[in-house]
Amino acid sequence: MKKVVRLIGVILAVTMMVAVFTACGSGQQSSDSTQAQNTSSAGSTNSNEPREISFWIQKYGSDPAAQETLLKEMTADFESKTGIKVKYSIVDWGQALNKLTLACTGGEAPDVADIFFTASLIQMGGDKYGPMEIDDVAKEMGEDSWFQAGKDEAYQNGHWYGIPWRFDTRVLLYNTEYFKEAGITSAPKTWDELVSVGKKLTKTDAKGNITRAGLAWFNMMARFDQTWFSLLGGAGGSLMDAEFKSPTFNTQAGIDSLTFLRDVNEKYKIAVPNMVDPSYDPVAEFMAGKVAMVFGVTAETKNNIEQQAPQLKDKFASAVMPSKSGEGASSIAFSAPIAVFKTTKDADASKQWVKYFCNTENQLKASKTLSLLNSSKAVMSDSYFSQDAWLSAFVNQSDRAVAGDMPIAQWSQIDAWPNGPLPTLCTEVIAGKDIQQSIDKSIKEFENLMK
Amino acid sequence: MSSKKIKPALKHYAVMAVTSVFVLLPFYWMVITSIKPSNEVMLSPPTYFPKVLNIQNYIDVWSTLPLLKYMSNSLFVSVMTTIICVALATLCGYSISRFSNRRLQKSSVVLMLLSQLIPGVLPFISFYFIMFNLNLTNTYAGLIIAYSMWGIPFCTLMIKSYFTSAIPVSLEESATIDGCTRFGIFFRIALPISLPGIVATAIFSFILAWNEFMWASVILSNNDLKPASIGIYDYIGQFGGNSNMALTMTTSVLITLPAIILFAFLQKYLISGLTAGAVKG
């Protein structure tokens, strides 16, 4: 009897486990086909089998449904034209770097992906993993089709490792009602003007506490490195030399930019002290009417404001960011490529998708739907960008922007948040530490990582 | 009621009221933001009671996200995890509670306690590659196995303490004298009596799987398999910003509902299940 009961127990347990994982089979079947990719060689396909590739793209725009619809339309159209099915996945930004890192170190990898930190991913991947060279695709599309920032990111060591698509630069956001109220007729062009306008716009209570800040640096989680990159460019400095071999911010421009980063609050009192609080959200404060200008917002900010603070519609505008002298660079620019991974089982299909996704027509459509700027000169010359009051500032700013990411393999460590040498430098300066000492420390760590 | 009785009661209720406000405020904020008109969402100072009730978000949310799919994924994974955890933890917990002098059982308890001391993220990368090499990434099975692995030790310890405290050994001895086998005792006596403990364990494993974020966000890249805890991240944009706070809060309310309903119906079991064995009688 005992044995029979035991046997029944074991059978029940096994049946249950089998039932569970049979049910899970549907998930496995519908999942990406990338599991078996690592063992198959790139480019080898059987012509009798239906062709399917996987595509990872990060989340863009303010409406999740809009990106979903766009990708559905694009992949359906591509399939009808080529017979190749593209299974897309929208990867959230919180996990994007983790997933790309795993993809470049032997983990699950897509056939095609929207990547960043290209140089780092190439080095991580070595000969086996990571983005593959797609010089043929770049040549076919025209190697001069993209802005320099786009080329800097995608073109490494004499080869194209992706096709540049999205582009990002930062501008000054300001409340036009507050400008009118203070009698200000144009956006500031120099740092001095920024301070003077900021003082006019700042309001305080009887105790001297700021009730409306004239200015806020655009930052998330009290991360000021990208704001500083813009200021450094605006002071005529640069993060690295032209060959991207060594850091070059231990200069007067470096000191001036870091001093200005700190002084808007410490000296000029046009920003609130709690701007350094990780929970401080400058755009949310702008929407709440507590900030008059935000330095360094993205193109997406307009949708963000219109959705969450419709009362501000037509009461805000964008402008080219001020630099120290009023001329030269005053912002940063980023570009991201679409890359084919070395582990793809169908390189030809992957390249076809890259060409399709990155063509001018589709990129314009993507820019409009996802509120993105573009690395393609042809796309950015469209009237959609030049005639729109909000976007035209971004077009003008593009000509006055320096690279926000350095095209070096160590960049993901150097600019790692929160402990990379550059974010740490900014945090220390904002916290009141000696600027020269902080620069020296940062340079040392930077150089160590470069070795 | 005399003043001697009223004063302690007042203190008692005052402490309860303060604690309740502290605990419930975030939930209140979540609900209130989900029904605010969009021009009130980002106002400063904020409005504590919306001027107009706006239920449009509860209509829009279904077209913005495939929420039904996300929630059904969550439900499937959570129910499966619960079944596995409860099935294995009850067997294991009973064995440990009744044969605590055997080496295997003793070492099992130590190992399970040890597993609770190791931070969850520590074996993350190696675990990822194990799952990847077993073709378990991007599958429901990968999620269920991982959640079960993390849930079973705690569930076992939880149910073990219930078996130890709530079922007298003498009861089982009587059953043995009457000719009942060990399995008979387990299925006919221990399990029915332990229902509160089992329900508490089930609730714990269900909530663990329902709320889990980290592992699901790493292991899954297929949108069709996303659970609700990951799906809500669709509102977070490129720079970590959330451009639709009202819809995010609406989704949060809807995702929280199943857990609240579960608690509402089963909380009496949860409390008795958790407190069993807390005091030696």
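This is a predicted model: local features need pLDDT of at least 70, side-chain atom pairs count only at pLDDT 80 or more; totals for chains, interfaces and linings use all residues.
At what angle do helix H4 (residues 67-98) and helix H10 (residues 195-211) of chain B pack, and how many Å apart are their axes?

1. Let's start with the domains of chain A. Where the two meet, 20 residues of domain 1 of chain A are in contact with 22 residues of domain 2 of chain A. On the domain 1 side, the elements that give two or more residues are helix H5 (118-125), helix H18 (389-398) and strand S15 (401-403) of chain A. H18(A) gives the most to that side, with seven residues. Sorted by class, the domain 1 side has twelve nonpolar, six polar and two charged residues.

2. Next, a sheet in chain A. Four strands form an open sheet with mixed pairing, in the order S10-S11-S7-S12. Strand S10 (216-217) and strand S12 (316-319) of chain A are at the edges and have a single partner strand each, so one side of each has no neighbour in the sheet. Strand S7 (residues 171-175) of chain A pairs with S12(A) in the antiparallel sense, over four bridges.

3. Now a helix pair in chain A. Helix H11 (residues 252-266) and helix H20 (residues 421-430) of chain A pack at about 50 degrees, and their axes are 9 Å apart. H11(A) and H20(A) are therefore oblique to each other, and their crossing is right-handed. From H11(A), the contact takes Leu258(A), Leu261(A) and Arg262(A), while H20(A) brings Cys426(A), Val429(A) and Ile430(A). By class, this contact of H11(A) with H20(A) has five nonpolar, no polar and one charged residues.

4. Then there is the contact between the chains. It takes 51 residues from chain A and 43 residues from chain B. Several elements of chain A give two or more residues to the side that touches chain B, among them helix H2 (25-30), strand S1 (51-58), helix H3 (64-82), strand S2 (84-91) and helix H4 (93-103). The largest share of this side, seven residues, comes from H1(A). By class, the side of chain A that touches chain B has 21 nonpolar, 20 polar and ten charged residues.

5. Back to the opening question. H4(B) and H10(B) pack at an angle of about 140 degrees, with axes 8 Å apart. That angle makes H4(B) oblique to H10(B), and the crossing of these two helices is right-handed. On H4(B), the residues making the contact include Ser74(B), Val77(B), Ser78(B), Cys85(B) and Ala89(B). On H10(B), they include Ile198(B), Thr201(B), Ser205(B), Phe206(B) and Trp210(B). By class, the contact of H4(B) with H10(B) has nine nonpolar, seven polar and no charged residues.

Notes:
Residues are numbered from 1 along each chain as its sequence is written. Chains are lettered from A and ligands numbered from 1 in the order in which they are written. Two residues are in contact if their C-beta atoms, placed from the backbone, lie within 7 Å. Ala, Val, Leu, Ile, Met, Phe, Trp, Tyr, Cys and Pro count as nonpolar, Asp, Glu, Lys and Arg as charged, and the others, Gly among them, as polar. Two strands pair if DSSP finds at least two bridges between them. Axes are lines fitted to C-alpha atoms, for helices over the stretch in contact, and angles run from 0 to 180 degrees between N-to-C directions. Angles under 35 degrees count as roughly parallel, over 145 as roughly antiparallel, 65 to 115 as roughly perpendicular and the rest as oblique. A crossing is left-handed if the near helix is turned anticlockwise from the far one by less than a right angle, and right-handed if clockwise.
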